[in-house]
2 protein chains.
Amino acid sequence: MDNSIDKLITYLAKMPGLGKRSATRQALALLQKRDQLLAPLADVMREAYDKVKVCEKCGNFDEISPCHICQNPMRDQQVVCVVKDIADLWAMERMGSFKGTYFILGGLLSASGGTTPESLNIPKLKNRIKEDEIKEIIFALPLTIEGKTTQHYISAELGNMVKCSELAHGVPIGGELEFLDDGTLAEALKSRKEV
Amino acid sequence: MDNSIDKLITYLAKMPGLGKRSATRQALALLQKRDQLLAPLADVMREAYDKVKVCEKCGNFDEISPCHICQNPMRDQQVVCVVKDIADLWAMERMGSFKGTYFILGGLLSASGGTTPESLNIPKLKNRIKEDEIKEIIFALPLTIEGKTTQHYISAELGNMVKCSELAHGVPIGGELEFLDDGTLAEALKSRKEV
């Protein structure tokens with residue numbers, strides 16, 4: 001593996017979703033756009049490597065710690081959304097209408113996967129509840145066994161300190177009933193609202 | 001666009017086949033594997049940028065020019081496969097049983113696309129035919145109008161200097177007749193072989 005083209009393909013193939021063949025195609029495209037894409041992408045990767053850190057408060061990626069969200073005086077520091085990982089935080093931010101802050105668990109309780117309550121940073125969340133005088137915890141965890149178990153565990157731990165809520169479940173906007181899973185439909189029926 | 005995370009996503013989104021959303025997912029994955037993937041990928045991209053050049057003889061990418069294929073004494077310099085671009089050359093090499101050398105056209109004749117005979121490096125190919133005493137030109141061009149037109153044009157130009165051949169057309173290995181296009185099936189019937 002001394003050739004830099006082979007090395008480029010090998011490392012591109014480590015990116016999620018890229019196999020050997022698509023990595024080869026990407027390498028070719030990068031080499032063909034060496035000045036417009038290959039060089040600036042290499043630079044910006046190096047820059048991101050040097051600058052990006054993990055926010056000490058919420059666990060998000062940013063160039064500063066605490067991150068821009070945690071430092072933003074326009075955001076409600078007393079309302080904290082609990083998410084599984086950074087991808088879910090970014091999904092909430094993309095949506096754009098949440099004006100509170102976040103706490104990233106970094107995983108979910110799992111009997112098989114070995115994630116224990118200790119590895120979920122619950123003490124850190126407890127500290128933050130006291131320090132920032134948090135009023136509400138909003139759970140935005142996946143609707144899986146692991147997500148539900150985790151939410152149940154954390155709300156049992158914190159329920160006496162702070163109000164806990166979760167995202168509403170129901171029929172997605174634009175969703176066809178016919179193609180919806182039974183669990184969601186049952187949940188939507190149970191949580192029906194008067195019109 | 002001062003934030004290095006945004007810049008990383010912006011440049012990743014310029015890679016073929018990656019939209020904004022998949023670029024975001026890739027950026028996250030890179031940041032999460034900063035030491036195993038982000039840093040080495042940045043390094044190897046910079047290395048490829050510095051080292052990879054275009055072979056003066058065939059047009060392939062390599063760290064040396066003429067490239068490893070053109071310099072390899074085990075390969076037949078007198079048999080030249082004419083391909084559209086580097087991706088097609090790499091496809092031939094992946095196949096592995098061709099022991100000649102290559103010539104990359106860099107495009108195909110096209111009435112609409114503006115590719116003219118002058119931009120196809122035909123004089124360069126003619127020179128090579130003389131210098132290397134080339135005995136056979138094998139066309140491995142796409143079976144499109146443009147590919148056929150280009151092959152026709154070049155073979156008319158070179159036909160008196162060198163033997164010209166093209167890849168066989170027919171039923172692909174493992175191909176189901178039912179799903180084969182009519183043109184291929186007609187070609188396979190016309191080129192049928194005695195068994």
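Modeller: Buried means under 20% relative accessible area, exposed over 50%, and partly exposed in between, with a 1.4 Å probe and protein chains only. This is a predicted model, where local features need pLDDT of at least 70, side-chain atom pairs count only at pLDDT 80 or more, and totals for chains, interfaces and linings use all residues. Residues are numbered from 1 along each chain as its sequence is written, chains are lettered from A and ligands numbered from 1 in the order in which they are written, and side-chain values use heavy atoms, without hydrogens and water.

Biologist: Is B:Arg75 buried or exposed?

Modeller: B:Arg75 sits in the loop between helix 4 (68-71) and strand 3 (76-83) of chain B. Leaving out residues up to four places away in sequence, B:Arg75 touches residues including B:Glu93, B:Phe98 and B:Tyr102; contact means heavy atoms within 4.5 Å. Its relative accessible area is 11%, so B:Arg75 is buried.

Biologist: How do helix 6 and helix 7 of chain A pack: parallel, perpendicular or oblique?

Modeller: Helix 6 (residues 122-131) and helix 7 (residues 145-158) of chain A have axes 11 Å apart, at an angle of about 45°. Angles under 35 degrees count as roughly parallel, over 145 as roughly antiparallel, 65 to 115 as roughly perpendicular and the rest as oblique. Therefore helix 6 of chain A is, relative to helix 7 of chain A, oblique.

Biologist: Which residue of strand 4 of chain A is the bridge partner of A:Val83?

Modeller: Strand 3 (residues 76-83) and strand 4 of chain A run parallel, joined by five bridges. Strands pair if DSSP finds at least two bridges between them. In strand 4 of chain A, the partner of A:Val83 is A:Ile104.

Note on methods:
Axes are lines fitted to C-alpha atoms, for helices over the stretch in contact, and angles run from 0 to 180 degrees between N-to-C directions. Helices (H or I, at least four residues) and strands (E, at least two) are DSSP runs, numbered from the N terminus.
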